[in-house]
Amino acid sequence: MKKLLVIPILATVACWAQEQPTGMVEVGYRATPALNGDLNTYRSVVNLGEGPRLLRAEFTLPGGKFYDTFTFRANNWGGDPYNSARLTAEKFGVYRATVVYRNTTYFNALPSFANVTGAFNQRSFDQKQRFFDADVDFRPGKGFSPFIGVSRQGARGNAVSPLVFDENNYPAASTVSFGYTTARVGLRWTREKYHFTFEQSVARFHDDQTLSVDTRSNGNRPGTYLGQQLFLLNGKDSYGISGTTNTTGIHGTVSPASWIDLSGQFFYTRPSTTANFTESAAGLFFLLDTFRFTNGIQTAASSEAVQPRTTGNVAVELRPWRRLRLVDSVSTDRIHNQSTLPVIWNYNENRFEAFFDVTKWLTIRAGERSTWGESFTPRSRLDKLEGSEQGRIERTAFIGGIVLRPIKALTINADTEQASGDHAWFRTTLTDFNSLKLRARYQLNQNWSMTGHFIRLNGSNPTWAGNYAFSNATGGASVQWQQAKSRRLSVLAEYVRGALYSDILYRDPASFGSLRSLYRDNLHSATLLTDFKVHSRIAVSAGGTLLRTGGTRPTSYYQPQGRITMPLRANCEFFAEWRYYDFGQVIFSREQFRTHQIMIALRIKTAPAIKK
Amino acid sequence: MWVFALAAMAQAPNPKWESCAACHEDLVNSFTKNRHAGVKQACDSCHGNTAKHAETADPAEIHNPRKMTAKAGEATCLACHKNQATHVGRVSSGHGRGEVACTSCHNVHASTQPAQPKDKNAQCMGCHTEARAQFSKPFAHKVQQGQVNCVDCHNPHGTFQPKAQASTARHGGNEPGCLKCHTDKRGPFRYEHKPVRIEACSTCHEPHGSVNPRMLTRSDVSLQCLECHVALPVNTASRQVLGGIPPAFHNIRDPFYRNCTVCHTKIHGSHVSKALLK
């Protein structure tokens, strides 16, 4: 309720500052009269509850002595899971300030993400995440423009996460608290022919988590293990993690002559963390390392990690001839840490592309993109080997495309990439692939516009263990129509069809037998949004999104909605909104839900500002 | 307070507007609340010499970037905006290469009042229709609810990073853009899960949306893991890849072993367990 009051108070204060602010407030009440199905899934997907809400508040103050623009916006306060507030103020050429605050309730309790039995619902979260971001640019648009900023991102809440003791694990109540605070300062130096930005930031991080179990539990292994029933009487894990990150960034552009542009970016970060971990548990456990049973576990461990990362990019654009542009871009990204468990990762990319304007309505481009890199990382304990594991990536791709404007109203963009390589980081990284992207936009007249797209990616990664075959294709079209003069009716209709296919062999760790992982996702999505003015001031909106997928996890998700808006007084409108959520799954039918939502609300506007 | 003291430096109204306002009153009224209002020769900067147009009222006597080809229109904007922080990666961006006109997204005359997040997202999805379908999936970032903007993750002007991820813009330096919000996954960890560092989050997650919980790319966690963690003679094969081998006691016919993240709870990286158990 306090939150509900803050925004109108702020708005009122702002109104006192000037005589003629403009703005509006939307307040309403939401009801969910019939929620059928799984509440946990509903909360994981939609999570909109009942009660009074401040749906929207918006105030703009006319230019004053200390600002040319001053805007305050707030959305979805009073108990909704996603709410935000944003304040911007600017005095042209003097300062520009932006403050953003967002809350997100992250609720997730979906057993089916792990396996078909759904018996192990032990990775659930119920957290409040907060984001705060404040930036002030001084003398924006001027030659020297310093800026400062502060960000804070954090979360608190509860979770269910397992306590893991080798051959068994036990669901435990967990508390989570983490925060990341960044302060930054920088300077922009802009002249007609060049620009440079220097930025330095310092960040502090903490992550505290505890997991505890106070009652006897047999855990997730209901049967015996080597003839004994493993159990936990009580147990507790505590994590205390803190860290810092220092970041230095420089980027700039230079245009020394009309036929050449240069640009570059350089970033160096040095993140470090220190972790302290304690664990105590009583019960009966089996320790794999020593291959014996034990009745108690006491562990205290600490660790440090430092991971310097350097990233750089230089690009040049040459225009030797009016119709020709040559663009080359070289990038590198490198992690080299100094610890006893070295992580070395180098990733490099060179991209060259030539653009040629064949005519005023046709531009073609062609070039090459080369990617190469290597990594040395500690072997995973999974394979019981020590030392480093080496990975590589080597790939060369032909890139090409066209921009076609046969008539002024029609634009067609096409992109293609044909890649082949010798190495890839992982089995699911594509070494050889071809992609095609087509987009078209047609603005027939003021009333009609149409867009269409077709995107296809086919790829493979042949390895010793078998080939990985992947393809993903989506195509869609949208039509938008608006009555040009009266604007009484507007319609947006959109349809998207997608087909994703993935096929790979994997090994059964126990038998070493070869198994197949086949994943398909065939998508149909339709969207309709219509606005119709029944009367000069009564408006009706209707439409929504219908989504159906087939394949490995057949799912349907329908979100139709409707709204009617009508005036009560000159500055006051009433609106009623209906939404329906219907989430269905063929395999995991226990995680379905459907619900109606009804919202009634008032929109109260201030009188329009009188021009001075 | 010194910020406000600088307020006196504000630009005086441009006398040039007066002749334009005679016919284009709405545009000029809106324009005076705009950052461009501070530009000297405000209208002439983009539209060329407006004096002749003011006399004849002939549209042919004036430049209209919206009606030019994208490249010509872009040249008008970049005459001032080329050397700016947001445009450093422009030459590598999809929008730059595809010659998407600045006026496709920006309304140059509009007041500076920032657009609602939902409106911004709708603008992106006007062309990227496939994104609207992806965000309509049940497990997705809350873009349709207005909690997340497309520009929170992407820099539409371009960066040299894949998919124009905006990680280099003020937040997180050179770290993947996802970590801007998911700070608990930042690390560095003593024991890293390699894809997080090497290929970033999209190895396992669909960043826009998925029909699989946790926005995973597979509906079953065990397959998500085993597709990479397969018995491989690493460092000897001509096409070597990263990925350890699960020990043989992982009997994946037993549901206990198919729920990988119930044991490997710190799947994004661990400070104390090499097997990412805790």
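Here are some notes on a predicted model with chains A and B, written for someone opening it for the first time.

1. Some housekeeping. Residues are numbered from 1 along each chain as its sequence is written, while chains are lettered from A and ligands numbered from 1 in the order in which they are written. Because the model is predicted, local features need pLDDT of at least 70 and side-chain atom pairs count only at pLDDT 80 or more, whereas totals for chains, interfaces and linings use all residues.

2. Start with chain A. It has two helices and 28 strands (helices are DSSP runs of H or I with at least four residues, strands are E runs of at least two, both numbered from the N terminus). The C-alpha trace of chain A spans about 85 × 65 × 50 Å along its principal axes. Of its 612 residues, 34% count as buried (buried is 20 or more other C-beta atoms within 10 Å of a residue's own, exposed is 12 or fewer, partly exposed is in between, with C-beta atoms placed from the backbone). Take the contacts in chain A with a separation of 6 or more: 56% of them are between residues 24 or more positions apart (a contact is two C-beta atoms, placed from the backbone, within 7 Å).

3. Chain B has another make-up: 14 helices and four strands. Buried residues are 49% of its 278 residues. For chain B contacts between residues at least 6 apart in sequence, 50% join residues at least 24 apart.

4. Strand S1 (residues 22–31) of chain A runs antiparallel to S28(A), with eight bridges, and Val25(A) sits opposite Ile604(A). Strand S2 (residues 35–37) of chain A is also antiparallel to S28(A), through three bridges; there Leu35(A) faces Thr595(A).

5. How many residues does each chain put into the contact between them? Chain B gives 111 residues and chain A gives 149. On the chain B side, helix H8 (117–127) and helix H9 (129–135) are among the helices that supply at least two residues each. By class, that side has 48 nonpolar, 37 polar and 26 charged residues (nonpolar is Ala, Val, Leu, Ile, Met, Phe, Trp, Tyr, Cys and Pro; charged is Asp, Glu, Lys and Arg; the others, Gly among them, are polar).

6. The largest nonpolar core has 34 residues, and Leu163(A), Trp425(A) and Phe426(A) touch the most other members (a core is a set of buried Ala, Val, Leu, Ile, Met, Phe, Trp, Tyr and Cys residues joined through C-beta atoms within 7 Å). Both chains contribute: strand S8 (144–165) of chain A and helix H12 (221–226) of chain B are among the elements that each supply at least two residues. H12(B) gives the largest share, four residues. Phe426(A) reaches across to chain B, touching residues including Pro195(B), Cys228(B) and Leu242(B).

7. Next, helix H6 (residues 70–81) of chain B. Its twelve residues should span 16 Å at 1.5 Å a residue, and the end C-alpha atoms are 15 Å apart, which agrees (the expected span is 1.5 Å times one less than the number of residues). Which residues of H6(B) are buried? They are Ala70(B), Gly73(B), Glu74(B) and Thr76(B). They cover an arc of only 150 degrees around the axis, so they lie on the same side of H6(B) (the arc is that of the directions from the helix axis to the C-beta atoms). These buried residues pack against helix H4 (42–47) of chain B.

8. A few backbone spots deserve a second look. Most residues other than glycine have a negative phi, and most peptide bonds are trans. Asn76(A), in strand S4 (residues 69–77) of chain A, has a positive phi near 60 degrees; Asn76(A) counts as buried because 21 other C-beta atoms lie within 10 Å. Leu226(A) has a positive phi near 50 degrees, but Leu226(A) is exposed, with 9 C-beta neighbours inside 10 Å. In chain B, Gly187(B) and Pro188(B) are joined by a cis peptide bond, with omega about 5 degrees.

Conventions:
Pairing = 2+ DSSP bridges. Lists of a residue's contacts leave out its neighbours within four places in sequence.
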